[in-house]
Amino acid sequence: MTLHGKYDPDNIFAKMLRGDIPCVKVFEDDVALAFMDIFPQAEGHTLVIPKDVEARNLLEMPKKKLGAYMERVQKVAKAIDKALKPDGIRVMQFNGAPSGQTVYHLHFHIIPVGEGQSMRSHASGEPADTEALKALADRIAAYI
Ligand code: AMP
């Protein structure tokens, strides 16, 4: 049902883009903002969101802006690789509640994964410690 609908300008990520609520920033330019996921499924779990679009999901992202945005997704994934040296990196993105989406502003998850490591559950549990997230963000940002 939520695959199609009206963009809510007061969704939590739109508020972060406006600076109305805080986030632990990893990277920002005129195209995208990357920040630490507050319920990390693994250490270093980062989200990358596009700026200046009202796109609830990938299907709604204007084609013209997609390439530049995906370059930022790749840039952050590469920085995570260099900074945290994981064995693998899961890049995931959900479209509509039945697929697992909980926030309706397009975002890609970048999740470093260690060999044999199981991921924590999605968007639940205890929020991570802000200072620990800041330390991780600094390590990743050093490679951008
Ligand atoms: P999705 O379920 O794909 O829409 O992903 C939304 C993600 O946003 C989840 O992984 C949540 O843990 C994350 N999240 C929700 N609120 C915040 C917040 N205030 N700061 C950082 N990440 C958040």
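**Close-up views of a predicted model**

**View 1. Lys 51 counts as buried, at 19% relative accessibility.** Keep in mind for every view that this is a predicted model. Why does Lys 51 count as buried? It gets that label because its 19% relative accessibility falls under the 20% cut-off for buried residues. To find Lys 51, look in the loop between S3 and H2. For a sense of distance, pick out Asp 138 too: its C-alpha atom and that of Lys 51 are separated by 22 Å, and the two residues are 87 apart along the chain.

**View 2. Asn 57 sits in the loop between strand S3 (46-50) and helix H2 (63-84).** Is Asn 57 buried or exposed? It's buried, because its relative accessible area is 0%, and anything under 20% gets that label. Now follow its side chain to see what it meets. The side chain of Asn 57 reaches the backbone oxygen of Leu 3, and the distance there is 3.0 Å.

**View 3. The ligand sits in the largest pocket.** Zoom in here and you'll find 18 residues surrounding the ligand. The closest are Asp 37, Thr 102, Val 103, His 109 and His 122. What kinds of residues make up this shell? Eleven are nonpolar, six are polar and one is charged. H1 gives the largest share, with three residues.

**View 4. Val 103, His 107 and His 109 each place an atom 2.8 Å from an oxygen atom of the ligand.** Start with Val 103, where a backbone N or O atom lies 2.8 Å from a ligand oxygen. Next comes His 107, which uses a polar side-chain atom, again 2.8 Å from an oxygen atom of the ligand. For His 109, look at the side chain: one of its N or O atoms is 2.8 Å from a ligand oxygen. How much of the ligand does the protein cover? On its own the ligand has 500 Å² of accessible area, and the protein covers 92% of that.

**View 5. Lys 85 has a positive phi of about 45°, even though it isn't a glycine.** What makes that worth a look? Most residues other than glycine have a negative phi. You'll find Lys 85 in the loop between H2 and strand S4 (88-92). Lys 85 counts as exposed because its relative accessible area is 61%, and the exposed label applies over 50%.

**View 6. Ala 123 is another residue that isn't a glycine but has a positive phi, here about 50°.** Where is Ala 123? Its place is in the loop between strand S5 (108-113) and helix H3 (130-141). Ala 123 counts as partly exposed, at 36% relative accessibility.

**View 7. Gln 93 lies in the loop between S4 and S5.** With 15% relative accessibility, Gln 93 counts as buried. Now look for Arg 56, which is 37 residues away from Gln 93 in sequence. How far apart are Gln 93 and Arg 56 in space? From C-alpha to C-alpha, the distance is 11 Å.

**View 8. Pro 112 is part of strand S5.** Is Pro 112 buried or exposed? Its relative accessibility is 4%, so Pro 112 counts as buried. To finish, trace the chain from Pro 112 to Lys 15. These two are 97 residues apart in sequence, and their C-alpha atoms are 26 Å apart in space.

Key:
Residues numbered from 1 in each chain as written. Predicted model: local features only at pLDDT ≥ 70, side-chain atom pairs only at ≥ 80, totals over all residues. Heavy atoms only, no water. Near = heavy atom within 4 Å. Polar contact = N/O pair within 3.5 Å; in protein donor to acceptor, adjacent residues only side chain to side chain. Areas by Shrake-Rupley, 256 points an atom, 1.4 Å probe, with all protein chains shown as cover. 1 Å grid on protein atoms, 1.4 Å probe; cavity = no way out; pocket = protein on both sides within 12 Å on 5 of 7 lines; lining within 4 Å. Sits in = over half its atoms within 2 Å of the grid points. Helix = DSSP H or I, 4+ residues; strand = E, 2+ residues; numbered from the N terminus. Nonpolar A, V, L, I, M, F, W, Y, C, P; charged D, E, K, R; others polar. Buried < 20%, exposed > 50% of the residue type's maximum accessible area, 1.4 Å probe, protein only.
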